[in-house]
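Please open the model in a viewer and keep the selection panel at hand.

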Amino acid sequence: MSAPPAASGPEGATSVRAARGGGLPRSNKALSVSPLKISAPLGAALAFLGVERCLPCLHGTQGCTAFALVLLVRHFREPIPLQTTAMGEVSTILGGFDNVEQALLNIQKRAHPRVIALLTTALTETRGEDMVGDVAAIRRKHRELDDTAVVLTRVPDFAGSLETGWTKAVCALIETLVPEGEGPREADHIAVLPGAHLTPADIEEVRALIEAFGLKATILPDLSDSLDGHVPDAWSLTSLGGTPVNAIKGLGRTRAALVIGEHMRPAGALLEARTGVPAIHLDTVTGLPATDRLIEVLTELSGRPAPKSVRRQRSRLQDALMDAHFFFGGTRIALAGEPDFVWSMGTLLTGLGAILQTVVVPVDAPHLAALPAESILVGDLEDLGTRAKGCDLLIASTNGQWPARHAGVPLFRAGFPVIDRLGVPFRCSVGYRGTRDLVFALGNALIESSEARHAAHDHAEGEPDALGNAGASDASLPASGPVCQETSACGACAPPSAFHQTEDTEHGRPAGRPQAAIG
């Protein structure tokens with residue numbers, strides 16, 4: 001395997017500075033090039049889409065909402081209910097009270113939502129509007145809003161990322177809808193606060209494991225009931241499913257709360273402080289040890305041993321890990337995305353023997369310091385492309401295409417957003433079943449990457465393939481080295497299809513390292 005790039009020159013580690021307060025190292029560039037970060041308002045809007053009959057509304061310009069809407073629609077390939085207060089030049093200067101008032105009344109009149117999520121943006125937060133006072137004044141003035149919950153969430157774009165907005169949205173729901181005080185507990189009822197890195201399929205799998213132990217769960221937010229890709233019976237201007245408001249109000253009666261992901265700790269702590277429901281934190285539910293921990297917790301809460309079906313799933317995962325570790329050992333991986341996505345994926349990969357050559361995240365996350373990686377950086381996609389050179393695989397969202405091509409490394413698409421592959425939002429990667437599927441997918445990606453490299457090498461050496469077709473001789477190759485052409489089959493040197501154009505050396509791809517078209 002190739003060594004990581006040297007830490008010198010304008011693209012090396014000399015552009016890194018230590019973060020204040022002992023956090024992760026940060027890129028020392030004057031600006032972000034090809035940003036990795038997804039805005040906090042988008043993360044908050046996504047969380048509210050997991051609440052039944054909810055309509056998120058971004059308090060900002062129409063462009064702010066349109067950008068978030070496009071990403072969500074292209075990622076899930078579903079209609080996304082999202083509204084805006086449509087701030088303009090005048091309202092930005094004089095204040096947005098009238099815009100908020102008109103937006104709330106229009107939404108209530110036309111969509112009849114159970115919950116209106118009012119999300120601030122960088123524009124209104126920079127101006128310093130008194131959103132709490134404005135919402136209170138509007139509700140006093142308009143009694144027709146009495147039956148509609150208005151959940152205000154302050155999520156400026158300049159603070160945090162997608163996970164930050166998701167957490168703030170869940171905290172706002174708990175603070176607004178869950179009554180304070182301890183009450184009677186339901187012994188067979190637990191709460192689940194999933195992180196933003198879990199897909200609708202992941203949440204569905206967590207629910208199935210909980211129900212296998214005879215427990216019932218209230219999941220907040222529940223994307224598995226709203227963005228799972230179903231065809232609704234009727235058109236709706238609000239979310240198509242999710243956690244009912246009455247179920248959210250009843251979170252104080254649950255026996256315990258499973259909090260999944262480091263970024264969800266504040267939400268678990270808030271629920272425990274308001275209701276006394278103990279929060280049980282799980283940093284991840286991907287991988288054998290992590291799922292074992294989940295099963296231990298469910299066994300303790302239910303008083304039942306693990307069902308036979310769950311034990312069988314564990315045995316299958318063990319077999320899969322033994323089969324797959326030969327293909328992972330010593331491979332070099334580049335990984336980028338939200339911190340808890342990186343943690344879940346990174347711990348699985350290193351457990352299989354892979355080497356994390358570089359990890360890039362959009363915001364500081366102190367818990368990632370415990371991740372066994374050669375390099376961890378708070379940076380952007382340009383940093384990722386520079387540091388991924390020599391890797392066997394790059395794992396990132398669709399936005400990782402350019403870094404992958406720059407480094408000459410195959411891209412495995414995961415995280416948010418993935419807009420150029422089908423079904424990724426519904427890929428399950430948690431529990432025993434989901435982990436096994438993920439291991440197979442990653443292992444196959446590494447196999448395809450290796451096959452593509454060997455095919456390119458054989459072509460360059462002029463060796464015949466299995467059908468007896470001779471490859472190009474050294475004399476027939478251009479002076480700059482072999483030119484690889486990307487195909488949807490294996491990524492080796494083959495005639496370009498209608499979807500893949502010929503790559504050349506100006507894309508920064510080293511000779512013999514074509515980009516396999518893998519998803």
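How much space lies in the second largest cavity? The model is a predicted one, and in it this cavity holds about 50 Å³ of space.

**First stop: the second largest cavity**

Select Leu49, Pro79, Ile80, Pro81, Ser226, Leu227, Thr238, Ser239 and Leu240, the residues that line the second largest cavity. By class, six residues of this lining are nonpolar and three are polar, while none is charged. Next, colour domain 1 (40-177) and domain 2 (189-309) separately. Both domains give residues to the lining, so the second largest cavity lies between them.

**Second stop: the largest cavity**

How many cavities of 30 Å³ or more does the structure hold? The count is two. To find the largest cavity, select His197, Thr199, Phe341, Gly415 and Phe416, which lie nearest its centre among the 32 residues of its lining. Now display helix 2 (62-76), helix 7 (162-177), helix 8 (200-212) and helix 13 (339-351), the elements that each give two or more residues to that lining. Which helix gives the most to the lining of the largest cavity? Helix 13 does, with three residues.

The space in the largest cavity comes to about 540 Å³. Colouring its lining by class shows 19 nonpolar residues, together with nine polar and four charged ones.

Select Cys54 and then Cys391. Is Cys54 buried or exposed? Its relative accessible area is 0%, and because buried means under 20%, Cys54 counts as buried. Cys391 likewise has a relative accessibility of 0% and counts as buried. As for disulfides, the structure has zero, the criterion being a pair of cysteine sulfur atoms within 2.5 Å.

**Last stop: the whole chain**

Finally, display the contacts in the chain. Of those with a separation of 6 or more, 69% are accounted for by residues 24 or more positions apart.

Note on methods. Residues numbered from 1 in each chain as written. Predicted model: local features only at pLDDT ≥ 70, side-chain atom pairs only at ≥ 80, totals over all residues. Heavy atoms only, no water. Buried < 20%, exposed > 50% of the residue type's maximum accessible area, 1.4 Å probe, protein only. 1 Å grid on protein atoms, 1.4 Å probe; cavity = no way out; pocket = protein on both sides within 12 Å on 5 of 7 lines; lining within 4 Å. Points joined across faces, edges and corners; volume = space filled by probe spheres on them. Helix = DSSP H or I, 4+ residues; strand = E, 2+ residues; numbered from the N terminus. Nonpolar A, V, L, I, M, F, W, Y, C, P; charged D, E, K, R; others polar. Domains from an automatic or database assignment. Contact = heavy atoms within 4.5 Å.
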